[in-house]
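Me: I have a model open and would like to talk through its packing with you. Shall we take it piece by piece?

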Amino acid sequence: MNDLKNYIAPNDLLKDRVILVTGAGQGIGRTAALTYAAHGATVILHGRNVKKLESVYDEIEAGGGAQPSIFPLDLEKAGDKDFAAIAHAIKLQLGRLDGILHNAALLFNLTPLETQTLEEWLALLRVNLIAPFALTRACLPLLKASPDASVIMTSDAHGHVPAAYWGGFAVAKAGVEALVKIQAQEWEILPTLRINALIPGPVHTPQRTRTHPGEVKQSLRQPQELMSCYLYLMGPDSKAVSGKTIFC
């Protein structure tokens, strides 16, 4: 685990596995979905924009991957019934679930705390922290039934080391790391389950463009450069790793 950037995943690393990727329509989520499919997984594509999800769907099929599924859902408005419905649909349509990549994120403009509204904080907490918890809980029976299940939560450097102007987003991401530690301890008696937090770092994504508009994009890593980490944590080689916060 000390040199994940040089980790080389076999082509069939995720063969016969079903992986749910949230925020799969663009950025890291899109790249992760394509990468998981290329390594044998049947991928469930989640997002809000159906057209973007359909584009990823078509790309997976064109590349010879297993036929994916699309589950659109607005995490800011979703409740227990919505998450339960996703879990039920996965069971009916695919019969199993072996992993979740919680990649969907919400971030508003960077502003001082005094100008951030209650509504913004509620939205940030719901999408970045509460939804990953609730979706994992809803899918837990399926994950428990898997012989080797992995959950990856996405954190952020500003949640790990809080900084001015990142407000509710940083607080939510700090909560993600606490959630991962708590869940990992509760799953210690379940050797087939693991959960970790992943911090991508500076990457050329639509979210990064919005928060750092003046940045030289050529200096940033592309999402594809991170995929060794995402494959390692989702595949069987990370079976003994749980409760960790890992920097890409």
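Me: Is Trp166 buried or exposed, and at what relative accessibility?

Reply: Happy to start there! This is a predicted model, in which local features need pLDDT of at least 70, side-chain atom pairs count only at pLDDT 80 or more, and totals for chains, interfaces and linings use all residues. Residues are numbered from 1 along each chain as its sequence is written, and side-chain values use heavy atoms, with hydrogens and water left out. Buried means under 20% relative accessible area, exposed over 50%, and partly exposed in between (1.4 Å probe, protein chains only). Trp166 therefore counts as buried, at 9%.

Me: How are the rings of Trp166 and Phe169 arranged as a pair?

Reply: Rings of Phe, Tyr and Trp (its six-membered ring) pair if their centres lie within 6.5 Å; planes under 30 degrees apart count as stacked, over 60 as edge-to-face and the rest as tilted. Phe169 is buried at 1% relative accessibility. The two ring centres are 5.9 Å apart and the planes stand at 45°, so the pair of Trp166 and Phe169 is tilted.

Me: What distance separates the end C-alpha atoms of helix H3?

Reply: Helices (H or I, at least four residues) and strands (E, at least two) are DSSP runs, numbered from the N terminus. The expected span of a helix is 1.5 Å times one less than its number of residues. For the 14 residues of H3 (residues 80-93) that gives 20 Å, and the end C-alpha atoms agree, being apart by 20 Å.

Me: Within what arc do the buried residues of H3 fall?

Reply: The buried residues of H3 are Phe83, Ile86, Ala87, Ala89 and Ile90. They line one face of the helix, because seen down the axis (taking directions from the axis to the C-beta atoms) they fall within an arc of 160°.

Me: Which exposed residues sit on the face of H3 turned away from its buried side?

Reply: The buried residues of H3 pack, with contact meaning heavy atoms within 4.5 Å, against strand E1 (18-21), strand E2 (42-47), strand E3 (69-72) and helix H4 (118-145). The face turned away from that buried side carries Lys81, Lys91 and Leu92.

Me: How many of the 12 residues of H1 are buried?

Reply: Those buried in H1 include Ile28, Leu34 and Tyr36. This helix is largely enclosed by the rest of the structure, since the buried count is 10.

Me: Which residue stands opposite Thr245 in E7?

Reply: Two strands pair if DSSP finds at least two bridges between them. E6 and strand E7 (residues 245-247) pair in the parallel sense over 3 bridges. Opposite Thr245 stands Ala197.
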